[in-house]
Amino acid sequence: MKQLLFAACVLCSAATWARLEIVSPAKGAVVDQLWPDVKAFLNLPRAERQQNSFRLSKQDKASFKAHRGAMPVVFTWKGDTNGVYSVKVARVPDGRVFASATVTGCTWEVKGRLEIARDWKWSVSDGSETVEETFRTDAQAPRIISFDGVHNARDFGGWVGLDGRRVKQGLVLRTGGLNGNAKSIYYTYEEILELFKQGKLKDAGVGKDAKHLAREYASKLGRGNGIDQNFLRLIKSAPKGPGEERMSAAHKDFLLNSTGVKTDLDLRGDWETFGMLFSPLGKDVKWCHYETRVGYGGFMTPVGRACQTLNLSVFVDKNSYPIDFHCIGGTDRTGTLAYLLNGFLGVAEEDLIRDYEMSFIGSGGVDKRHYAWLTSLVERVRELPGDTIAQKINGYYLSLGFTQEQLDELRERLLEPKK
């Protein structure tokens, strides 16, 4: 009888216990964090990327919209499918843990948290046994950081700059607004036309941009040129308080504790940030509200130069890091600053343009209006004195009053060490 009981116990144990075994990523695997269609789009020649942006099918656009965030890295292992496991991913060689969790079952996903072009060790443990394996993340930038509610969140770094040195990751992020814009009410197209017919358009609107916009609209309508109905910014009535919360508690924790953001560089205007007194990340984060009134080729105007002087003052201050910089959509003002800074660090023009295009990946590519604006930025940078983009923007920053010593220190701070 005892022998039968012992045999039954052995069978039961064999049925419920399974030896841990890594499945994927397997040893030496290279894993992507960009979706295949996004990666294929980025690897097209520039002319084809631009053409494709204007003629994508509805199905293609739907695919891009679904893939605007990072592609998850999926971890799987063999074991008890009802078991509870501790899983973590650590960077090699320093051992810093970038993701960890306690999960039930034999699969786990990490989305937008791993740096690109890095070696990693991942491990899974059931409390009594631990197995581990190494893999590498693909080298293609950008590193997308997926947030719900905050648009265009990605690492500023990851691109290859001067002397083949990659721009450091995790030190600077670029995103959309961390909270929504204050709710202003804008004139509709029909209201603008009616004001024009009554001869009252030139004096309409509130806010410091109202006079300029109202006269611009009146002038265009007077010449019979029309105005862009999809881009009306003439404010009818002012907001009553700050914009709504956008970040979840988990995303705020990631920025504050995993990334350690110390400075929130907010490029939005006074009306967009109406009523705000500190960063949405909290009072302990320095909120630099430096309104960038013009973007793209406008960086060369007196107003644009003044704006970029303020912006760069944040980056030359070693106490600012880590930094998150943004406007509301993370596209225009943010895109201009990212173009200038990464260009200064030696990132190739083609990659600067790819980085800009990533802001539009959810709609399948850049629209014609934004491509025209981007072209003005590309051309104004090309017109600067110097043999390379890095030299040209270095000279531009010198003309803003920064010293070469400050700029050299900034490059060393933002570029990975020479190998």
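In this predicted model, the side chain of serine 359 reaches the backbone oxygen of glycine 330 at 3.4 Å. A polar contact of 3.1 Å also joins the side chain of serine 359 to the side chain of arginine 154.

- Serine 359 lies in the loop that runs between helix H10 and helix H11 (368–383).
- With a relative accessible area of 9%, serine 359 is buried, because the cut-off for a buried residue is under 20%.
- Apart from neighbours within four places in sequence, the residues in contact with serine 359 are Asn152, Arg154, Arg174, Gly330 and Thr331.
- Two of these partners were named above: Arg154 through its side chain and Gly330 through its backbone oxygen.

**Helix H10**

- Helix H10 spans residues 349–357 and is mostly covered, as 7 of its 9 residues are buried.
- The buried set consists of Glu349, Leu352, Ile353, Arg354, Asp355, Tyr356 and Glu357.

**The largest pocket**

- The largest pocket has a volume of about 1,600 Å³.
- Its lining comprises 47 residues, of which Asp209, Phe231, Arg233, Arg293 and Arg333 are the closest to the centre.
- Helix H6 (210–222) and helix H11 each contribute at least two residues to this lining.
- Helix H6 gives the most to the lining of the largest pocket, supplying 6 residues.
- By class, the lining of the largest pocket divides into 17 charged, 15 polar and 15 nonpolar residues.

**The second largest pocket**

- The volume of the second largest pocket is about 420 Å³.
- This pocket is lined by 24 residues, and those closest to its centre are Arg68, Gly69, Ser146, Phe147 and Val150.
- The lining of the second largest pocket holds 11 nonpolar, 8 polar and 5 charged residues.

**Cysteines**

- The structure holds 0 disulfides.
- Cysteine 307 is in no disulfide, because its nearest cysteine sulfur, that of cysteine 327, is 13 Å away, whereas a disulfide requires sulfur atoms within 2.5 Å.
- Cysteine 307 counts as buried, at 7% relative accessibility.
- Cysteine 327 is likewise in no disulfide, and the nearest cysteine sulfur to it, that of cysteine 307, is 13 Å away.
- Cysteine 327 also counts as buried, at 2% relative accessibility.

Key
Residues are numbered from 1 along each chain as its sequence is written. This is a predicted model: local features need pLDDT of at least 70, side-chain atom pairs count only at pLDDT 80 or more; totals for chains, interfaces and linings use all residues. Side-chain values use heavy atoms; hydrogens and water are left out. Buried means under 20% relative accessible area, exposed over 50%, partly exposed in between (1.4 Å probe, protein chains only). Helices (H or I, at least four residues) and strands (E, at least two) are DSSP runs, numbered from the N terminus. A polar contact is a pair of N or O atoms within 3.5 Å; within protein, one must be able to donate a hydrogen and the other to accept it, and residues adjacent in sequence count only if both atoms are side-chain atoms. Contact means heavy atoms within 4.5 Å. On a 1 Å grid over the protein atoms alone, a cavity is a set of points where a 1.4 Å probe fits but cannot get out, and a pocket is an open set with protein on both sides within 12 Å along at least five of seven lines; lining residues have an atom within 4 Å of a point. Grid points are joined across faces, edges and corners, and a volume is the space filled by probe spheres set on the points. Ala, Val, Leu, Ile, Met, Phe, Trp, Tyr, Cys and Pro count as nonpolar, Asp, Glu, Lys and Arg as charged, and the others, Gly among them, as polar.
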